[in-house]
Structures are given as structure tokens and as C-alpha cells.
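Subject: Structure handover

Hello,

Here is the structure you asked for. Please look it over first; my notes follow below.

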Amino acid sequence: MNGLIETLYRFYENMGMPAVLLPLLPFLTLIVILYAVLFAVTRFLVKKKVMRTKTASFYMFVSVWVVGFLLFTLGPMIFSLYISFTQWEVVNPPVWIGTDNYRMLFKDSIFYKSLGVTFYYTLVSVPLQVALSLLIALLMNLKLRTIYLFRTIYYMPTLVQGVAQVVLFIWIFNPNVGLINSVLRVFGIEGPGWLTSPSWAMPAIIIMSLWTVGGNMIIYLAGLTDIPQSLYEQADIDGATAWRKFWNVTLPQISPILFFNTVTSMIGAFQTFTQGFLTAGGPDNSLLFYAYYLYQNAFMWFKMGYGSALAWVLFVIILIFTALVFRSSALWVYYENEVGGRKRRVRKQKA
Amino acid sequence: MFASKKRSTTVKRILAYLILIAGSVAFLYPFIWMIAASLRSLEEIAKSGMNVWPQNWRWDNYSKALSSFPFGRYLVNSIITTVLPIIGTVFSCSLVGYAFARMKVKGSGLLFVLVLSTMLLPGEVTMIPQFILFKKLGMLDSLYPLIVPTFFASPFYIFLFRQFYSRLPVGLEEAAIIDGSGYFKIWRTIFLPLSKPALMAVGVMVFMGSWNNFMGPLIYVNSDKWKTLTLGLAGFQGTYSTATNLLMAAAVVITLPCIVLFFTAQKAFMEGLTFSGSKES
């Protein structure tokens with residue numbers, strides 16, 4: 001599957017760059033030394049009264065993240081932006097070609113295809129995931145004695161490893177002996193070939209994504225258990241129906257979590273990779289996810305420049321969608337400390 | 001009137017159970033089938049359809065599956081790339097999260113906004129340069145790229161620890177400050193012991209993430225010596241795509257540790273996830 005990567009590794013080895021490394025222990029010692037140096041510098045600054053203890057300590061602690069940010073995020077970001085303007089097959093030095101990569105992209109029909117596949121998946125699966133996980137979380141919040149058992153059952157699919165999941169679902173969607181078609185046959189329906197059919201492959205992957213809503217469910221549950229009981233008691237006094245209680249109490253109270261889950265699910269959906277990789281893009285490229293196309297360009301065909309341009313276009317798309325969701329959040333996300341909810345509660349506690 | 005209300009709650013209760021059980025079947029069935037398929041012969045899988053109970057229990061599927069790739073070595077690699085990231089993430093993120101939660105100094109708010117904004121960045125943007133970076137550092141085709149970054153804290157877990165630490169009572173550390181202990185000591189002796197649920201939750205989440213990490217090993221690891229179980233499974237799917245039973249056996253073995261861990265850590269995991277911060281302590 002990565003024959004070309006193999007070539008790449010061999011290339012580096014020929015350049016006298018050993019691919020196999022430093023043993024583990026010295027490297028971990030290095031990290032410990034790095035931490036020790038950071039601490040020692042702070043001590044010194046404090047002793048010499050250059051900084052107050054608290055400020056110095058804060059920056060020392062945070063530097064653990066700052067070093068990682070500069071090294072593994074900001075540095076690579078800047079570099080990635082640069083190579084997106086170059087032609088670079090890795091084995092030769094990068095050649096500056098200006099905006100050619102980006103212009104090429106707009107003429108690339110496979111780019112549009114992968115973009116379409118990713119949009120289809122994101123726009124259909126994210127709303128379904130968000131709604132289904134909320135629905136399940138509401139059920140899991142019922143005061144039943146056996147609810148812990150159900151919580152575990154609904155969370156369990158999330159524990160199945162990604163590759164194992166895809167492999168399992170390749171069976172489930174098997175047209176002859178698979179689960180789905182066997183169930184359909186009970187009702188006298190002959191199911192489609194699912195993963196072998198260009199038009200049914202994506203619905204199959206979307207169904208699969210619903211199997212693992214347990215992660216979102218648990219985050220909702222954490223929010224639901226945090227809703228003050230007094231709000232429901234008040235609603236009961238007002239004679240509110242179950243539906244009104246949900247609409248006027250539950251939903252506003254958990255809207256920040258709804259928002260969090262929407263944003264993280266959306267970002268995750270845009271970056272879907274494993275499903276595309278393991279199905280090799282699906283029949284007729286119907287599962288050619290954007291991230292997989294990016295991977296193909298950069299790591300299979302060594303078009304690092306083109307791959308980087310793809311990455312930046314994806315970044316801009318995710319940024320736009322996240323910004324849209326953030327913008328709309330003012331309309332539907334309710335924060336307690338904004339509308340005086342907290343004040344109300346504090347007063348109640350005093351009374 | 002009271003009696004009728006009671007009856008209606010019983011009806012609701014039964015209805016809730018029916019929905020819950022129907023859902024459980026959908027969520028659990030593929031899982032159970034996976035285990036059943038791992039114990040069948042290939043001919044039986046072809047005939048079995050929706051049946052769950054194997055007719056002949058083929059336990060040797062497991063030994064066959066595990067001996068068809070260097071299971072032991074992959075397992076060791078998987079353990080290394082799971083245990084060290086757990087240590088690295090818990091240590092660095094709780095330290096940084098503690099600083100953001102309890103030490104309001106000039107610039108700390110701005111810096112935190114920066115931390116949050118990096119959460120939005122898709123991994124793909126930095127994927128290629130990180131690959132090149134690790135090449136330059138001579139770390140390609142090793143486990144380092146999967147371990148080293150975790151010692152430098154990641155935004156998601158910093159956020160989680162910050163939310164957790166900011167809920168602890170104000171003035172918890174005052175006595176220690178008067179005694180003249182440094183902030184590192186306060187973190188180590190007061191906040192770390194108090195944050196066991198959060199530590200557990202993050203530990204479990206990092207475990208799941210690293211144990212199941214696929215793209216990382218796929219990009220950074222090439223030689224057999226450093227491959228992890230997820231790569232083993234993916235390779236297995238390629239080579240033995242027709243041996244569904246062996247494939248399922250391998251998948252069961254890889255999933256098992258996650259389930260065991262989840263069951264043992266369940267309570268702490270659920271508690272640690274309550275981080276919205278609206279509960280006053």
C-alpha cells in the first residue's frame with residue numbers, strides 16, 4: 001500500500017541519513033533535560049528579581065505548550081504555506097511556481113469530486129450524528145435502575161478500533177451474507193450492493209458513522225446531569241408539558257454543548273480519512289474523501305506542493321464553516337452568565 | 001387521580017425500556033456478530049447470515065490470525081506508543097491547564113485564546129511539514145513521531161484540565177503560598193491528587209486515541225520493526241481480505257484491551273467528563 005513511501009525511505013538511507021534511530025531512553029532523557037532547563041531558567045529569573053514568582057512560573061509552565069506549538073504547529077504551518085507555492089517531488093529541492101498549484105486545483109476534476117464526496121458526507125452525517133446522539137443522551141438521562149448498563153452498551157461501538165470498524169462494516173454491508181441485507185430480506189426487500197455501488201456507498205458510510213455517536217452522547221450526558229433540578233421544578237409548577245420542558249429548559253441549558261459537539265463533529269467529518277483509505281476511494285471514487293486525496297498526492301505521488309495547496313484549501317473551507325456556525329451561535333446558544341442566569345441561581349441558593 | 005398518574009409513569013417506563021432495548025440490539029449486534037464470526041469457519045460465515053451462535057467453535061482462528069503477522073512485536077510497539085503518550089499528555093497538559101486555570105497574569109487570557117484557536121486547525125495542514133521535520137530530525141520510521149509531540153501538550157486536553165482546575169475552590173493554594181512553596185510544588189502536591197477523575201478521563205481518552213491511531217503510524221512508520229497493531233490489521237485486510245474469520249479474530253484481540261479498560265475506568269471516566277463548570281463546589 002505504500003510502496004512509494006518505501007522508495008522514499010530508501011532514498012533517504014542512500015543519502016546517508018539513517019532511518020532507524022536513537023534508542024528510546026536517551027531521547028526521553030533529552031525531554032527531561034529540556035523540562036529541567038525551563039525550570040532552572042525560571043528559578044534564576046525569580047532569584048535575580050527579573051520577574052515576579054507568579055508571572056515567571058506561569059510562563060514557565062505554559063512554555064511547555066509554546067515550545068510544542070512553535071515546533072509542531074506554527075513552524076510547519078508557515079512551511080506548508082511556502083511549499084504550497086512550489087513544485088516539490090521531495091527528491092529535488094522545491095521550485096517556486098507561484099499560484100500554479102492553486103490554479104491547477106480549480107481545473108482538477110478529481111479535486112471537485114473529493115470535495116463533493118466530503119461535503120455530502122459532512123452535510124448529511126453531522127446533523128444526523130448531532131441529533132441522534134442528543135436523543136440517545138436524553139434516554140440515557142432517564143432515572144432507571146439499569147441505565148448504567150445501557151450507557152455502556154451504547155458507548156461500546158466507540159471502543160472498536162477504526163480499522164476494525166471499517167472491516168466489520170465491510171461485512172455488514174456485504175450484499176449476500178451481510179447483516180443489513182439479511183434483515184431487509186426478512187421483509188422481502190433485496191438490498192443494494194452497498195459498498196460496491198457508487199450511489200449506495202456513501203449512505204453506507206453515513207450509517208456506519210451513526211454507530212459511533214457514543215462519544216458525543218457522553219459529552220451531552222455530562223451537560224444534562226449539570227442542569228439544575230430547580231429549573232424543572234419551576235416548570236412543573238407552571239404546568240409545563242414534557243415537550244415544553246425540553247424546548248424551554250433542556251435545550252437552552254445544553255446549547256453550549258450542542259454547539260461544541262456540532263463544531264467538533266463538523267471538523268472531524270471534513271477530515272475523514274480511514275473510510276476512504278480502506279475502501280481505496282470506493283467504487284467510481286464515490287468514497288474519495290478529501291483527506292485521502294490529499295494523502296494520495298503528498299505521500300503516494302510525492303506531489304508535496306500540490307498536497308499542501310489542497311491542505312490550505314481545506315483549512316479555509318473548515319474555517320469558513322466554523323465561522324458560520326460560530327456566527328449563528330449567537331442566535332441559538334444560551335450562555336448562563338450572559339443573560340443573568342447565574343445571578344438568578346445565586347439568589348435562589350441564598351434564599 | 002393519583003393512581004392514574006402512577007399508571008401513566010409505568011407505561012412510560014415500559015416504553016422507555018422497549019426503546020432502549022431495541023436500540024441496544026442495533027448497537028450491540030454488529031459487535032456480537034464480530035465475536036461470533038471470529039469463532040467460525042469460512043463456510044459457516046457464508047451460510048450463517050444473521051445467526052449469532054457458532055456451530056463449531058473454531059478457537060484455532062485466533063492462533064492462526066495472531067501467527068500470520070508478527071503479533072508480539074506489533075503489540076510491543078502499540079504498548080510503547082500508548083503508554084508514553086499517556087504519561088506525556090497527562091503530565092504536560094495538566095501542568096499547562098493548571099497554569100491557565102489558577103494563575104491569571106498579564107497575557108494569560110490572550111495566550112489561552114491562541115491555544116483554543118489551534119484546535120480549529122485541521123491536522124492535514126501541518127501533516128506534510130511535520131513529516132519533513134521528523135525526517136530532518138532523523139526520526140522517520142521510528143516511534144518517536146508518535147511519542148515526542150505528546151510531551152508538549154495538546155489544546156483539547158489543556159482545555160479540559162483548565163475547566164477542571166478552575167472549578168476547585170478559590171484559596172485552595174493560599175496556605176501553601178504563604179508557606180513559600182513554589183507553584184510547581186503546589187501543582188504536584190495539591191492539584192494533581194485532587195484531579196484524579198480528570199487524570200483518569202484524559203488517560204482513557206489518550207489510550208483510545210493512541211491505541212487506535214492509524215494515520216500516524218501509517219505515515220511515519222515503514223519497516224516491520226516499528227509497526228503497530230492497527231497497521232497490522234490494515235495489512236491483514238489487504239492480504240487476507242477473504243479470510244473474514246481470521247480478520248475478525250484479529251479485530252477482537254485489538255479491541256479487547258479498550259473494552260477491559262473502559263469497564264474498569266468507567267466511573268472515573270464519566271465523572272471526569274463533567275466539565276461544563278456550572279456545578280459549584
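**Charge over a ring**

R162(B) sits over the face of F112(B), 4.2 Å from the ring centre. The criterion is NZ of Lys or CZ of Arg within 6 Å of the ring centre and within 35 degrees of the ring normal.

**Ground rules**

This is a predicted model, where local features need pLDDT of at least 70, side-chain atom pairs count only at pLDDT 80 or more, and totals for chains, interfaces and linings use all residues. Residues are numbered from 1 along each chain as its sequence is written, chains are lettered from A and ligands numbered from 1 in the order in which they are written, and side-chain values use heavy atoms, with hydrogens and water left out.

**Aromatic pairs**

There are 57 aromatic pairs over all chains. Rings of Phe, Tyr and Trp (its six-membered ring) pair if their centres lie within 6.5 Å; planes under 30 degrees apart are stacked, over 60 edge-to-face, the rest tilted.

Take F119(A) and F270(A): their ring centres are 5.8 Å apart and their planes at 85°, so this pair is edge-to-face. F119(A) belongs to helix α5 (residues 109–140) of chain A and F270(A) to helix α12 (residues 242–270) of chain A, so the pair ties together parts 151 residues apart in sequence. Helices are DSSP runs (H or I, at least four residues), as are strands (E, at least two), numbered from the N terminus. F119(A) is partly exposed at 22% relative accessible area. F270(A) is buried, at 2%. The classes use a 1.4 Å probe and protein chains only: buried is under 20% relative accessible area, exposed over 50%, partly exposed in between.

Y292(A) and Y295(A) make a stacked pair, 6.5 Å centre to centre with 15° between the planes. Both lie in helix α14 (residues 290–300) of chain A, three residues apart, so about one helical turn separates them. Y292(A) is buried at 5%; Y295(A) is buried at 1%. Ring pairs also link these two tyrosines into a cluster whose members include F72(A), F299(A), F131(B) and Y220(B).

**Cysteines**

How many disulfides does the structure hold? Zero, over all chains. The cut-off is a pair of cysteine sulfur atoms within 2.5 Å. The sulfur of C93(B) has its closest cysteine sulfur in C258(B), 20 Å away, which is too far for a bond. C93(B) is buried, with a relative accessible area of 0%. C258(B) is buried as well, at 0%.

**Second largest pocket**

Its volume is about 1,500 Å³. The search ran on a 1 Å grid over the protein atoms alone; a pocket is an open set of points where a 1.4 Å probe fits, with protein on both sides within 12 Å along at least five of seven lines, and lining residues have an atom within 4 Å of a point. Volume is the space filled by probe spheres set on the points, which are joined across faces, edges and corners.

The second largest pocket has 30 lining residues; N141(A), L142(A), K143(A), A242(A) and K245(A) lie nearest its centre. The largest share of the lining, eight residues, comes from α1(B).

**Positive phi**

Two residues other than glycine have positive phi. W194(A) has phi near 45° and lies in the loop between α8 (179–186) and α9 (201–210) of chain A. W194(A) is buried, at 6%. D141(B) has phi near 55°, in the loop between α6 (123–136) and α7 (144–147) of chain B. D141(B) is buried, at 5%.

Regards
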